[in-house]
Amino acid sequence: MGQEDLMNTAEDVADQFLRVTKQYLPHLARLCLISTFLEDGIRMWFQWNEQRDYIEATWNCGYFLATCFVLLNLIGQLGGCVLILSRNFVQYACFGLFGIIALQTVAYSILWDLKFLMRNLALGGGLLLLLAESRSEGKSMFAGVPSMGESSPKQYMQLGGRVLLVLMFMTLLHFDSSFFSILQNMVGTALIILVAIGFKTKLAALTLVLWLLAINVYFNAFWTIPAYKPMHDFLKYDFFQTTSVIGGLLLVVALGPGGVSMDEKKKEW
């Protein structure tokens, strides 16, 4: 009974947090979610020559195609971020950013690196949730018009987004025998399962946000490394990718798990 009381208290705290931040949370979630695309687009500008030379040398595609690749990444990412933040053509912006993820996955050989592939898929999960949110906003324009209920595409976008988001946490599991690692793996695995199946979703997602935020600031503190060292860029990339996944989880907290979840099914019981 004590455990149930503790869970209820935690849910009350999460609900109170949502009531206080309801107006601002979706905006913060979107800003966090697009942060990695914003940072990468700006990096393409400042590292234009390095990026172009890398693509030209790796793929032997010539100066012109390598330049087109960098230009497409720069315009596609910065343009998509502007559209999402301004709430214009959000669905087109999301599809464009999906394309950028796919292009970079192939161009930078991420397809063969399981850790980076899972993180890119988690980014895709965040974009799916953004798509689901934009569908909700589109429907709200027709308030008062009879509806058949929540659309299936939106429900399955939210399900797919939740499942892909948890891949980020699979890359954070540490397989060693220390007590702290075992505890972290057990708690983390329990939370990602709850988010994936949509049970106690908002509380589990909010807990993951706090956990991931602490890990991100502690392990990816790129500002402590001099800018000329390669580790600075590596940690910076990792930091903003993780921030984007935090944004996706904040969208789960703000919007709920959607129709395909245990939380929704419980309401029918």
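Helices (H or I, at least four residues) and strands (E, at least two) are taken as DSSP runs and numbered from the N terminus. The model is predicted, so local features need pLDDT of at least 70 and side-chain atom pairs count only at pLDDT 80 or more, whereas totals for chains, interfaces and linings use all residues. Residues are numbered from 1 along each chain as its sequence is written, and side-chain values use heavy atoms, with hydrogens and water left out.

**Overall fold and surface**

- The protein chain contains 12 helices and zero strands, and its pattern along the sequence is α-α-α-α-α-α-α-α-α-α-α-α.
- Of the 269 residues in the protein chain, 45% are buried; here buried means under 20% relative accessible area, exposed over 50%, and partly exposed in between (1.4 Å probe, protein chains only).
- Contact means heavy atoms within 4.5 Å. Among contacts between residues at least 6 apart in sequence, 71% join residues at least 24 apart.
- The accessible surface of the protein chain is about 14,800 Å², and carbon and sulfur atoms account for 70% of this area. Accessible areas come from the Shrake-Rupley method with a 1.4 Å probe, and for residues only the protein chains shown count as cover.

**Annotated transmembrane regions**

- An unreviewed UniProt entry places the feature "transmembrane region" at residues 63-85, 92-111, 179-199, 206-227 and 239-260. UniProt positions are given in the numbering used here, feature names are shortened, and annotations may be inferred rather than shown by experiment.
- Residues 179-199 are 90% helix and 0% strand, with end C-alpha atoms 27 Å apart.
- Residues 239-260 are 77% helix and 0% strand, and here the end C-alpha atoms lie 31 Å apart.

**Helix H4 and the residue after it**

- The buried residues of H4 are Ala66, Thr67, Phe69, Val70, Asn73, Leu74, Gln77, Gly80, Cys81 and Ile84.
- An α-helix has 3.6 residues a turn, so residues three or four places apart point the same way.
- Arg87 follows H4 and has a positive phi, near 65°.

**Helix H2**

- Glu39 is found in helix H2 and counts as buried, at 8% relative accessibility.
- Apart from its neighbours within four places in sequence, Glu39 is in contact with Lys236 and Phe240.
- Ile42 also lies in helix H2, which covers residues 25-46, and is partly exposed, with a relative accessible area of 40%.
- Leu38, Ile42, Trp45 and Phe46 form a nonpolar surface patch with about 460 Å² of accessible area together. Patches are made of residues with over 30% relative accessible area and no salt bridge, with like charges joined within 9 Å and nonpolar side chains (Val, Leu, Ile, Met, Phe, Trp, Tyr) within 5 Å.

**Salt bridges**

- The whole structure holds six salt bridges, each defined as a side-chain nitrogen of Lys or Arg within 4 Å of a carboxyl oxygen of Asp or Glu.
- Arg43 and Glu39 form one of them, at 3.4 Å from N to O. Both residues lie in helix H2, four residues apart, about one turn of the helix, and Arg43 counts as buried at 18% relative accessibility.
- Arg52 pairs with Asp53 in a salt bridge whose closest N and O atoms are 3.3 Å apart. Arg52 is buried at 10% relative accessibility, while Asp53 is partly exposed at 39%.
- Arg87 forms a salt bridge with Glu133, with the closest N and O atoms 3.5 Å apart. Arg87 lies in the loop between H4 and helix H5 (90-107) and Glu133 in helix H6 (residues 114-140), so the pair ties together parts that are 46 residues apart in sequence.
- Arg87 is partly exposed at 24% relative accessibility, whereas Glu133 is buried, with a relative accessible area of 4%.
- Arg30, Arg87 and Glu133 are linked in a network of salt bridges.

**Positive phi in loops**

- Most residues other than glycine have a negative phi.
- Asn60, although not a glycine, has a positive phi of about 50°. Asn60 is found in the loop between helix H3 (48-59) and H4 and is exposed, at 71% relative accessibility.
- Lys200, although not a glycine, has a positive phi of about 50° and is found in the loop between helix H9 (179-197) and helix H10 (201-219).
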